[in-house]
Amino acid sequence: MSVERMNLVDPHNEQDALTLNELLQSPTVLHQQRLHDRAYFIPCASASEALTYERGASAYFQQLSGTWKFSYAASPEQAPAACWMPQYDDSDWDVIPVPSNWQMHGYGKPEYTNILYPFPVEPPFVPHDNPTGTYRRTFWIEPSWMEQNVVLRFEGVDSAFRVWVNGHYIGYSQGSRIPAEFDIRPALQQSMNQITVQVYQWCDGSYLEDQDMWWLSGIFRDVYLLAFPTEHMWDFTVRTHLLDNGERAQLDVDVELCISEEAAQSHTFAWTILNAARQPISPTNTILVSDRCQQSEPIIRVSTTVEAPTLWSAETPYLYHLVLELRDKNQEVIQVISQRIGFREVKLTSTNLLVNGKAIMFKGVNRHEFHPDHGRAVPYATMVEDVRLMKQFNLNAVRTSHYPNDPRFYALCDEAGLYVIDEADLETHGFQAAGCWSLLSEDETWKQAYVERMQRMVIRDKNAPSIIMWSLGNESGCGPNHAAMAEWAQQYDPTRPVHYEGDWSNMLGLGIRSTMYPTLEAIEKVVQSDDDRPYILCEFAHAMGNGPGALKDYVEMFYRYPKLQGAFVWDWVDQGIRREREDGRQEMAYGGDFGELIHDGNFCLNGLIDGDRKPWPALHEYKKAIEPVKVYASSEPGEYIIENRYDFLPLSCLRGHYSIIADGELIAEGTFEVPEVPPRERAAWQWDARTAIQAAFGHTISEPAFQHMWLRFSFRSGRGTYGTIPWLPVGHEVAWAQFELEPSQVLQLQHTDCIQETAASSTISSSKSSLTSGFGIHTARAGKMSLKPISIHDKGDSLILTGSSFTMEINRSDGNLLSWRFHNTNLLTGSPRLQLWRAVIDNDRYLVTDWRNARLHQLKKRMKQVTIDSSRASEGMITVTTCFRLGAPAFMWGLACEQIMTIQGNGIIQLQIDTRPDGYHPEVLPRFGYELGIPADLNFCSWYGRGPGESYVDSKQAAAIGWYEAKVDDLMVAYEKPQENGNRTDTRWVSFVNAQGTGLFFTS
């Protein structure tokens, strides 16, 4: 039997007849002498090496990442000539770390665009000024490797490159985020060898890589050598199928060999399945290679059945281990491959995507590969941190937007339990701006480039159990080239569905409907339509700056309709580049900060976490919205309704903890057994608050002295809940619920749910609106101050009011407070005034133009009348009534306002304002409330309301009602681009005091 080996490179064959320009600008020339694709694995010499899953443990692995010599040129023509020759003197070159992006080390400048290409749109041509980086280093080859097939592997190079070894041309490749391998054995020499890699910033493939990110170049993923024995396993495919409703599972394995006909007669192939504890679940199976390999197809196909398998899902990421061995005629092991196996089955019905027979709910996020110091050269430790955070914040899915990730990331998803939509390295969004979004997608010339990007991803990642869907890329219009990609993927891998959001008319006939950023009303229309396909939002909840909002509303809708199967937030991490300012402070730079002519500003800062992996408030809100346990108040005393939103786990896998806080004091806490509620079901649950309180106090409370009392249920991870990997440490809180108890009736167990939510923005109607609030003096030395008479001193233009330990000055002409002092403490720096404007947040970008056009930021006040009623001053009360109109310059619309300010002799002021709009007014206001200034030394804040972090009317679920304290500076959220932040909603009262405890106390 003759079996074809991998194609060997002729080291004397220089670059064929193609010029470099032809390589870089020919969409049908995608590589030269690159090896054909295979699944990701590291060949090993023994099972003990292979089962470590550590690349460095393999005797067949040699790392080339590290420090390389580097030369940067503005174009290929200006790059050093003949620099690939071994004798070339590179002693005066710079050095650069590999992996890295050269812009992150001062060569060229980063450029950020969301949509636009930073070069003229003239496919397949690229600019003549094509920055070029040339890398050189030496490496050592052991004598034993000279008898092997040695493969040079690049995990990622942006955007195209050529490579030489010992002066011999090895090959060319493009496709930035997919690997390229070359057989370099014929060019090697024993001991020291020299390698040269020349990387080009632009090639025709750059038109396919316009993915809302920084344009960064260079060798940004690992480079290494692999040794394959003369007879070896080159590729393998693993597929699992469930039988008898999951009571049994079938494992199918196809192994592609590179082996001679003679060796096939004596070599054997063995496979073993181990459980998670690395114990065999059945004896090793061994076969003679020639018994299974056909002469025309060097592939071994084996199949086995596993009884009572533990199934893999995002909630139960149980992994078996498959060990494949190739042995020589003496039964000596010559090559070993290990692969984590998750027994799971993905199926698509007319209405649902099923994993192991159950419809799942995606609680997902889109993830760009990015690090603020390293660009797209993301360290492995950062990948681990990303996965850890995702699990701890209740996420269960990742879309690799918009390209295949580092292969090690998928292994982490396998282990931790994250569903993956693996997306091809394809986006041509810039053609939308050019007026022809589908230009390349409809062009037959580019078909091979499209399909190859799908093939290389699928073949590399096919054995990862976490990947449950392939994606054809992103925002590239739609055309026959997408159809060719889908057809190939469905034929090659029928076990996973194919996704593409850009197929708006369903021309591809895909089994899943996907959209971006629909409103709730738009989702409702899809639900009610005749399209019964499962429906996901591959992007939603744009997490830019102080956003997003209404997450709870979306998630609740997902659970309301069976064919809705969740969504993926855009996106995971801010893409800011850390740099030092002139004053020595650090900042995260964004588009335009490097002098780019074309950029999209801070649109790259839309992560749920910042570049240092610190969660923004939005991630806490998302965690709360997608939490796996929901508790509702029942109409029956002492009864709650508890809902399990896991897809596979019972609620009994969690531990329960309760606490009762009254007027800021913890009065009772303890643990409870979480009821056995099956996945996706609800149950009535009896829980006696009276018993908990009586146990805490040791007796019955007949007349509770508390004003406010809150009960909190906490649901925490238990040992073994998510396997043995500590992605969720024992005791980690995954969900919580809070209920207000009525202290006077707590023994009867009457309770009310949390404060009802209101609309997400202020709305003007033609009817009258009013706002009432109060504030007064706060002092640590005084209790409740009684109502004392107020004396009045007339200064002509103003009145001086003196009450109990305070003085106040009021302007006669407009009723404003000019000053307010308590003893010698100044309490005010700006009078309370009606405010309709606020600092703009990033997601206001589509509203702020209308607001500014309506002159909401420039409103002018026209006084109509000021009335100061001092008739009850002796009783400790003065009323200032102010009638005025707020109007917009250049427009006839405005607000007619009547403000009543009641001043009491004990230092309390009550404000009430009634407003009525007139004219053609805006429908939505940025804000409706009071603004006033207080001295900087009142920098200690206490409040009763939602906290401890910021909250807003449409993003407050993660903020529990409670009693909180903080310094004023700590109330701020320092978003990378300054904007509105730090609000606390549903606040009952708040105080701002100085170090002596003197200040202001506000109630609403």
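**Close-up 1. Ala-550, a buried residue with positive phi.** At 18% relative accessibility, Ala-550 counts as buried in this predicted model, because the cut-off for burial is under 20%. Ala-550 is not a glycine, yet its phi is positive, at about 60°. The residue lies in the loop between strand E34 (535-540) and helix H11 (551-560). Most residues other than glycine have a negative phi.

**Close-up 2. Ala-890, an exposed residue with positive phi.** This alanine also has a positive phi, about 75° for Ala-890. Its loop runs between strand E55 (877-887) and strand E56 (894-904). Is Ala-890 buried or exposed? Ala-890 has 78% relative accessibility and therefore counts as exposed, the cut-off being over 50%.

Close-up 3. Most peptide bonds are trans. The bond from Val-98 to Pro-99 is cis, with omega near 10°. Pro-99 sits in the loop between strand E4 (94-98) and strand E5 (111-113). Pro-123 and Pro-124 are also joined by a cis bond, and omega there is about 5°. Pro-124 belongs to the loop between E5 and strand E6 (132-141).

**Close-up 4. The ring pair of Tyr-320 and Phe-343.** The structure holds 55 aromatic pairs. In one of them, the ring centres of Tyr-320 and Phe-343 are 5.0 Å apart. Their planes meet at 80°, so the pair is edge-to-face. The two residues are 23 apart and link distant parts of the chain. Tyr-320 is in strand E22 (residues 320-327). Phe-343 is in the loop between strand E23 (333-341) and strand E24 (346-348). Both Tyr-320 and Phe-343 are buried.

**Close-up 5. The ring pair of Trp-837 and Trp-851.** These two tryptophans, Trp-837 and Trp-851, form an edge-to-face pair, with 80° between the planes and 6.2 Å from centre to centre. Trp-837 is in the loop between strand E53 (830-835) and helix H14 (848-853). Trp-851 is in helix H14 itself. The pair links distant parts of the chain, 14 residues apart. Both Trp-837 and Trp-851 are buried.

**Close-up 6. A cluster of aromatic rings.** Ring pairs connect Tyr-640, Tyr-658, Phe-672, Trp-685, Trp-687, Phe-713, Phe-715 and Phe-739 into a cluster.

**Close-up 7. Arginines over aromatic rings.** Arg-579 lies over the face of Phe-594, 5.3 Å from the ring centre. Arg-845 has its charged end over the ring of Tyr-846, at 5.9 Å from the centre.

**Close-up 8. An open sheet of four strands.** The strand order is E2-E16-E7-E11, and the pairing is antiparallel. Which strands stand at the edges? Strand E2 (61-63) and strand E11 (180-183) do. Each has a single partner strand, so one side of each is left without a neighbour in the sheet. Neighbouring strands of this sheet are turned by 25° against each other on average, direction ignored.

**Close-up 9. The pairing of E7 with E11.** Strand E7 (residues 149-154) and E11 run antiparallel and are joined by four bridges. Leu-152 has Phe-182 in E11 as its bridge partner. Strands of a sheet pair through backbone hydrogen bonds.

Conventions: Residues numbered from 1 in each chain as written. Predicted model: local features only at pLDDT ≥ 70, side-chain atom pairs only at ≥ 80, totals over all residues. Heavy atoms only, no water. Phe/Tyr/Trp six-rings, centres within 6.5 Å; stacked < 30°, edge-to-face > 60°. Buried < 20%, exposed > 50% of the residue type's maximum accessible area, 1.4 Å probe, protein only. Lys NZ or Arg CZ within 6 Å of the ring centre and 35° of its normal. Pairing = 2+ DSSP bridges. Axes fitted to C-alpha atoms, helices over the stretch in contact; angles between N-to-C directions.
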